[in-house]
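Reader: I am new to looking at protein structures, and I would like to learn how to read a few features with care. Could we go through them one at a time?

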Amino acid sequence: MPESLPSHASVVVIGGGIMGCSTLYHLAKMGVSDAILLERNKLTSGTTWHSAAQVRALRHSQNLTRMIQYSVDLYSLLEKETGQSVGWIQKGSLSIATTPDRLTHIKRQEALAHAYGIEARSVSAEEAKERWPLMNADDVLGAVWSPEDGRVSPSDVCAALVKGAKTAGAKIFEDTGVTGILTRDGRVVGVETAQGVISCDAVALCTGLWSREAGAMARAEVPLLACEHFYLLTKPVEGITGNMPTLSDHDSHLYIRDDSGGLLVGCFEPMGKPIAPGVLGEDFEFALLGEDWDHFEPMMLNALHRLPALETAEVKMLLNGPESFTPDGTFMLGETAETRGLYLGCGMNSVGIASGGGAGMNLAHCIVHGHTAYDLTEADAKRFATVYNSVDHLMARAPEILGTHYEIAYPGRQLTTARGLRALPLEAEYKSANAHFGQVYGWERPLYFGKTTEPKMRFDRPDWFENVRSEVMAAHEDAAIFDASPFGKLDVTGPDAEAFLLRVCAGQMGRAPGSVIYTAMLNARGTFESDLTAQRIASDHYRLFVGTNAVKRDLTWLRRQAEGFDVEITDQTESFATLGLMGPEAARISQSLGADALADLGYFKLTETRLAGVAVTAARLSYVGEFGWEITCAREDAKSLYAALTEAGARPAGLFAQTSMRIEKGFCAMGHELDSDVTPIAAGLGFATRKSGGFIGAEALEAARSAGETSQIVSLRFHDDVAVPLGHEPVYADGRIVGQTSSAAYGYRVGAPVALAHATGLTDGETVEVDIARQVFAATVVRGPLFDPEGARMKRVFA
């Protein structure tokens with residue numbers, strides 16, 4: 001007789017694929033012995049069972065790579081722990097290049113692998129041919145060999161995870177569909193099934209292809225969509241002897257490996273085939289979609305070129321199994337913004353098996369401890385704006401995301417589908433100025449101006465180099481306008497506004513009305529949840545300016561810390577426009593437009609005034625290291641204000657110019673220098689925190705200070721003007737890796753390529769080497785900003 005469902009479980013995991021099984025296993029290992037997993041059909045019956053199951057450790061960030069390295073270690077340990085084979089085959093992977101840009105791309109990956117402690121080395125076309133004799137290598141320019149990569153049996157991995165979870169007390173219920181997720185006051189309290197209700201404290205949503213619909217049961221946004229994914233299977237082929245490395249021919253959009261003596265040839269074609277919501281029903285169990293040879297034909301032609309043996313191989317089948325994709329190609333992990341206690345582990349973008357071990361561990365860690373084991377902000381479940389969750393958007397975007405799997409990671413590359421989701425108040429004006437736009441949190445932001453043709457993607461000096469130079473020099477020598485309207489504007493009002501912000505922010509939030517305060521928001525570990533600029537408009541009114549991508553995450557964090565405080569927190573982002581007027585001519589322009597008082601406004605001060613007849617709030621600060629103000633007005637007044645500023649001589653400047661100037665000034669940014677693994681002390685921002693404490697994370701920060709933690713952020717000025725650092729390059733001193741670049745650009749004011757880096761043990765003026773696609777460039781270390789005309793004023797403010 002089947003075991004009956006419990007009436008209560010601390011955590012209910014929904015979904016029995018790799019993410020669900022891994023999350024359950026790790027919950028049980030972390031002491032949640034009453035955790036249960038509910039699967040409406042059978043374990044692995046959705047996407048997991050038909051996965052090609054490649055496990056390639058290297059990813060674009062250190063922590064995603066670390067996560068997959070954890071998966072590799074876990075899968076080998078599981079076999080010893082449970083006695084269940086996981087089918088681990090470690091034969092390495094071979095990435096070939098048939099174009100010069102692809103060769104640069106894989107050499108950048110090789111350099112990155114060294115920074116992350118992964119073995120990888122360049123090999124010639126001849127050696128690549130030796131490792132894959134069936135390959136036509138006539139057009140191969142070079143390759144990178146990664147011996148630590150491998151593959152597993154997905155069903156066996158899940159069987160081992162389940163066995164380990166059961167041993168630790170967890171329970172699994174197959175053929176048990178969830179029909180509802182119960183909430184009360186915005187928090188999960190239970191789940192409904194056909195067999196009854198289970199009360200619970202948390203739900204882990206690991207429902208794969210069906211996660212968007214499952215999340216909607218708890219009123220949560222889960223933007224993902226299924227696409228068709230193809231791989232060809234053949235019967236045995238002469239020349240396949242035993243197991244071979246995975247062959248990655250990404251210029252042809254292919255991955256290739258042996259399979260039962262034959263070939264498995266899979267693809268991530270440039271534009272996939274979306275599957276509309278509702279097509280895959282509840283009975284889609286161990287099922288596949290129909291073969292589509294017309295769609296696969298271009299990929300088949302590529303495969304025939306690379307593997308001539310395919311011409312005579314006997315085809316078993318063209319497997320068409322659905323996979324789920326998110327709007328940016330990274331999975332979703334963590335608690336949702338909309339519903340407390342609802343945790344996402346889904347949208348795996350065809351890397352579920354490789355990621356599953358580490359992602360499941362991090363999801364369990366998030367449920368048990370309130371945060372992931374290390375920073376995974378790039379996978380945060382709260383990172384998407386609401387506009388990304390529409391079906392129309394997902395149907396357009398998901399097929400392109402499938403195709404980006406094997407695209408070359410060019411700097412400045414933009415997605416082309418589902419654009420125009422959110423327009424800035426000045427979009428028409430920017431189009432008239434020939435802006436080249438990039439999409440950020442749904443907003444179309446100008447990257448640079450004066451575009452005459454579509455830029456060619458490249459790794460050397462970009463097509464927009466001179467455009468950006470002219471914008472930087474306008475801000476440096478004249479006056480430029482930087483649009484900060486997409487930054488989040490969160491109003492905190494009420495009698496307890498100051499007390500609340502003194503608790504959640506580490507900066508000097510008690511400064512008088514009329515002040516501007518730069519501050520960190522820390523967690524209990526003393527590391528960054530966010531950084532922001534606060535404008536104290538009145539004793540009971542602050543306006544917080546937060547990062548464009550951080551609006552939902554920061555709003556959620558603030559509201560969840562506000563219990564017990566008499567405050568109201570509202571999102572005013574779309575009500576206002578903010579323009580940064582920067583440069584030596586800014587004072588002249590403001591005076592000519594009737595705002596004489598602005599020129600005398602103190603640093604980190606704000607005032608309400610009228611500029612060209614428009615009511616504005618002007619804050620004296622600069623993100624680009626030039627004299628100026630950030631000027632906020634009602635959204636509907638932006639056009640007239642902009643017209644007056646440009647008529648008076650200011651010109652627009654884009655995001656690329658701003659980034660270049662930020663790096664020269666040594667300003668840190670979330671997602672680059674700052675994240676939830678970094679303290680303000682390690683970022684060189686300890687001076688901007690209150691020594692008196694009383695804020696979240698104060699004790700941990702003081703412990704770090706007492707332990708002697710020091711700043712690990714340095715500026716780098718490259719000696720060779722043709723160097724093009726992009727970020728994530730390893731930094732060497734005396735032949736050993738001491739750090740990694742975090743932001744990079746050309747510094748037009750200092751006349752050299754520049755970067756910020758996390759590094760240890762470096763002294764001011766020291767020469768280091770930076771590995772850019774296996775070419776070494778010398779750079780001088782500067783412990784501080786490379787360009788700092790405003791530095792003295794800033795130090796006085798924080799003194």
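**Buried residues, cores and cavities**

Author: Let us begin with one contact in this predicted model: the side chains of Arg749 and Glu664 are joined by a polar contact of 2.7 Å.

Reader: Where does Arg749 lie?

Author: Arg749 belongs to the loop between β35 (736–747) and β36 (752–759).

Reader: Is Arg749 buried or exposed?

Author: A residue counts as buried when its relative accessible area is under 20%. Arg749 has a relative accessible area of 13%, and therefore it is buried. If we set aside residues up to four places away in sequence, Arg749 touches Val472, His476, Val624, Gly625, Glu626, Met661, Glu664 and Phe787.

Reader: How should I think about a nonpolar core, and which residues of the largest one touch the most other members?

Author: The general idea is that, in soluble globular proteins, nonpolar side chains tend to be buried together. Here the largest nonpolar core has 84 residues, of which Val12, Leu544, Leu581 and Leu645 touch the most other members. Helix α15 (residues 638–647) gives the largest share of this core, 5 residues. To follow one member, look at Leu645, which touches Ile481, Leu579, Leu581, Ile589, Leu593, Leu611 and Ala650, when residues up to four places away in sequence are not counted. There is also a second, separate core of 61 residues, and Leu37, Leu78, Val144 and Ala170 are among them.

Reader: How many cavities of 30 Å³ or more does a search of the whole structure find?

Author: The search finds 2 such cavities, and the largest cavity holds about 60 Å³ of space. Its lining is made by Arg445, Pro446, Phe482, Asp483, Ala653, Gly654, Leu655 and Gln658. The elements that give two or more residues to this lining are β21 (443–448), β22 (480–483) and α16 (655–665).

Reader: What classes of residue does the lining of the largest cavity have?

Author: When the lining of the largest cavity is sorted by class, it has 4 nonpolar, 2 polar and 2 charged residues.

Key
Residues are numbered from 1 along each chain as its sequence is written. This is a predicted model: local features need pLDDT of at least 70, side-chain atom pairs count only at pLDDT 80 or more; totals for chains, interfaces and linings use all residues. Side-chain values use heavy atoms; hydrogens and water are left out. On a 1 Å grid over the protein atoms alone, a cavity is a set of points where a 1.4 Å probe fits but cannot get out, and a pocket is an open set with protein on both sides within 12 Å along at least five of seven lines; lining residues have an atom within 4 Å of a point. Grid points are joined across faces, edges and corners, and a volume is the space filled by probe spheres set on the points. Helices (H or I, at least four residues) and strands (E, at least two) are DSSP runs, numbered from the N terminus. Ala, Val, Leu, Ile, Met, Phe, Trp, Tyr, Cys and Pro count as nonpolar, Asp, Glu, Lys and Arg as charged, and the others, Gly among them, as polar. A nonpolar core is a set of buried Ala, Val, Leu, Ile, Met, Phe, Trp, Tyr and Cys residues joined through side-chain atoms within 4.5 Å. Buried means under 20% relative accessible area, exposed over 50%, partly exposed in between (1.4 Å probe, protein chains only). Contact means heavy atoms within 4.5 Å. A polar contact is a pair of N or O atoms within 3.5 Å; within protein, one must be able to donate a hydrogen and the other to accept it, and residues adjacent in sequence count only if both atoms are side-chain atoms.
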